[in-house]
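I opened my notebook to look up a few local features, one at a time. Here is what I wrote down.

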Amino acid sequence: MKSRVVRLVVLYLAALAIMVVGHIIFMACLPGIYSSIPWSDRMAAVGAGLKIDRSIAAYLTIIPGLIAVMSIWLLPVVTDRITRAYYAIVAPIVAGAMTLDTLLYSYWGMKLDTTPFFYFASSPRLAMASAPWWQIAAAVAAWIAGSAAIYLIFRSSLRLTPITATQRVKRPGASAALLGLLTAALFIPIRGGFTVATTNLSSAYFSSDQRLNHAAVNPLFSLLYSATHSSGFDSGMRFMEPDEAAALAAPLMAPSTYQASLADSLLRVDRPDIVLVILESFSSHLLPVQGGEPIAPCLDSIARSGLLMSNIYASSFRTDRAIPAILSGLPAAPDEPVMKHTAVAERLPGLPAALAPAGYRSIYYYGGDINFTNQRAYLLSAGIDSIVSDTDFPLSQRVSKWGVADGPLLSRVIADENHRSDAAPRFTIVQTSSSHEPFDVAPFARHADPAANAFAYADSCVGAFVDSLAASPRWGRTLVVLVPDHYGCYPTGLDERSRHHIPLVMTGGALALRGIIDTPAAQSDLAATLLRALGLPASQFPFSRDMLATPAPALTLFSEPDFAAGIAPDGTMTRLPLTGATTDAPADSASRLLQAYLQELYTYLSSLSSSTSPQ
């Protein structure tokens, strides 16, 4: 029995070692890309990739684990042959993925996914047109040599852990159960542990240098992830001819110029610190100033004394759709969270990156697992300079399901602000989480309803946070923007439009414009509005419109998987039902405009996903 357990462990470690060495070979074979990067940073990439490597190594060890269970009853010579045959299949697959990944990266700058297989199926000749014959020959030779080397490593591992016919198991039932349990335990590294976030591509992202992030990503995992999370951007939401969609949607897109904009008088100073607080699940129904219940009195007070955009709509219904809407000016696609598709998400424009040329450094605070839904990968690609997440807090503060509660999180932001010594403008983003299910904010108790109580707790933390900022010497140069990520779960029973109705509040000593503005707009319009106020270009955000401009944004989009809706400047709403990716063309012109807008959105996302296509 012991020999079987040892064999399983050795085979897993052999698979893990192969994955680790693969990262080193990848960087060594691309000197033109990685030679300028110190080896210490390259080894950091190897370490960052271990979480995904452990997952792939576990996948590769599941079948040997099942074979080990079978070996209790079968002759060792039989199970050894089965295991060798298995690794004879695995070796060329692993070597092929590593070789193809290395070859294509020099051309495309992206990790291996299903794209090359699509091109090869479409046209094998054109798929290989970019590579000279000698490079293809070298890749084939490397594949063969790599397959042989990987197979020999696994075969040597089998020889190091022999199982002989004399090693009979005295209690086969109990031994089989133990080996089965050990094999089942492989799903722990496959999943990535016991936290909310499972292993995904974002797990390997750790640097602002995309080359290092790509070096850390395991090509086998990237390929599997792409195959199981295939994007529908290239074929979804096709309602009409491309030229017709482009012509209809043109007036709805971000215009290059406006007649006038209140954004020009939004600020008192040229380069204020910007503090953006993304409020988990808040809605307009929590603020009396918007006709809601007195659940969030602090935010209500801030809204009354600052600037309240009272007719804002959340782009969708989940955080992974809201963050690109806020930071990339991108309306959420109804059926595809763009953050799940790292190759697309890392090509989106980012508000942090747009602010960087003006001297801004950006920092992102979140009390939870920043790898959840590939968030780290997206944030680094969007230009975030540094990230503070759950692992940067003591275990004693990571007590909720989602990590650190809003109180300690916001206190950390204040503490960091108080220790600042630089005078450069800062873009600080804080993502709260306490108002998320399961609403456990004990010992705070203000409302009997758990959801209402959680919102009240988050609101109290935000109020204290803003008060602390107001007491700092930089308050006169600070703009605070508070915007929910998506509609909340309180109160219940709201219709679609009411569920998506959220507040957008601005305050701070740098804010010159105050009052209430009821122009319909969306989260995705925040990027262009801030950039206009700062006198910076926003042309890289084609779907973000200045919400303070005249004329007002022609259409405000929000969506869920089964419908999309557009709010016109006069407040009328057009609802477009969606069945899968297509629907019959509606007769009315308003719905036709909404269809065109959606089609242009998917065309844009498709262009990002194919921007590294071979030429």
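This is a predicted model: local features need pLDDT of at least 70, side-chain atom pairs count only at pLDDT 80 or more; totals for chains, interfaces and linings use all residues.

**Entry 1. Phe-317**

Setting aside neighbours within four places in sequence, I found Phe-317 in contact with His-486, Tyr-487, Ser-559, Glu-560 and Pro-561. I then looked up where Phe-317 sits: the loop between strand S3 (307-313) and helix H15 (319-328). Is Phe-317 buried or exposed? Its relative accessible area is 14%, so I noted Phe-317 as buried, the cut-off being under 20%. I also checked Phe-317 against Thr-550. They are 233 residues apart in sequence, and their C-alpha atoms are 29 Å apart in space.

**Entry 2. Gln-523**

Next I went to Gln-523, in the loop between strand S10 (521-522) and helix H22 (526-533). I read a relative accessible area of 1%, so Gln-523 is buried. Which backbone oxygen lies 2.8 Å from a polar atom of the Gln-523 side chain? I traced that oxygen to Pro-484. Pro-484 also turns up among the contacts of Gln-523, leaving aside neighbours within four places in sequence. Others in that list include Ile-312, Tyr-313, Ala-322, Val-483, His-486 and Ile-502.

**Entry 3. Backbone angles and peptide bonds**

I kept a general rule in mind here. Most residues other than glycine have a negative phi, and most peptide bonds are trans. I went looking for exceptions.

- I found a cis peptide bond from Ala-442 to Pro-443, with omega near 10 degrees. Pro-443 is in the loop between strand S6 (426-431) and helix H20 (450-470).
- I found a cis bond joining Thr-550 and Pro-551, where omega is about 0 degrees. Pro-551 is in the loop between strand S11 (549-550) and strand S12 (556-560).
- I noted a positive phi, near 55 degrees, at Thr-373. Thr-373 is in the loop between strand S4 (361-366) and helix H18 (375-381).
- I noted a positive phi at Phe-439 too, near 60 degrees. Phe-439 lies in the loop between S6 and H20. Its relative accessibility is 14%, so Phe-439 counts as buried.

**Entry 4. Nonpolar cores**

How many residues does the largest nonpolar core have? I read 132. Those with the most contacts inside this core are Leu-276, Leu-327, Tyr-364, Met-506 and Leu-605. Helix H5 (residues 76-108) gives the largest share of the core, 11 residues. I then looked up a second, separate core of 43 residues. Among its members are Ala-454, Ala-456, Tyr-457 and Leu-482.

Not counting residues up to four places away in sequence, Met-506 touches Leu-266, Gly-306, Leu-307, Leu-479, Val-480, Val-481, Leu-511, Leu-526 and Leu-530.

**Entry 5. Cysteines**

How many disulfides does the structure hold? I found zero. I checked Cys-298, which is in no disulfide. The nearest cysteine sulfur belongs to Cys-461 and is 9.2 Å away. A disulfide needs the two sulfur atoms within 2.5 Å, so the Cys-298 result makes sense to me.

Is Cys-298 buried, partly exposed or exposed? At 25% relative accessibility, I wrote down partly exposed. Cys-29 also counts as partly exposed, because its relative accessibility is 48%. The exposed label would need over 50%.

Technical notes
Residues are numbered from 1 along each chain as its sequence is written. Side-chain values use heavy atoms; hydrogens and water are left out. Helices (H or I, at least four residues) and strands (E, at least two) are DSSP runs, numbered from the N terminus. Buried means under 20% relative accessible area, exposed over 50%, partly exposed in between (1.4 Å probe, protein chains only). A nonpolar core is a set of buried Ala, Val, Leu, Ile, Met, Phe, Trp, Tyr and Cys residues joined through side-chain atoms within 4.5 Å. Contact means heavy atoms within 4.5 Å. A polar contact is a pair of N or O atoms within 3.5 Å; within protein, one must be able to donate a hydrogen and the other to accept it, and residues adjacent in sequence count only if both atoms are side-chain atoms.
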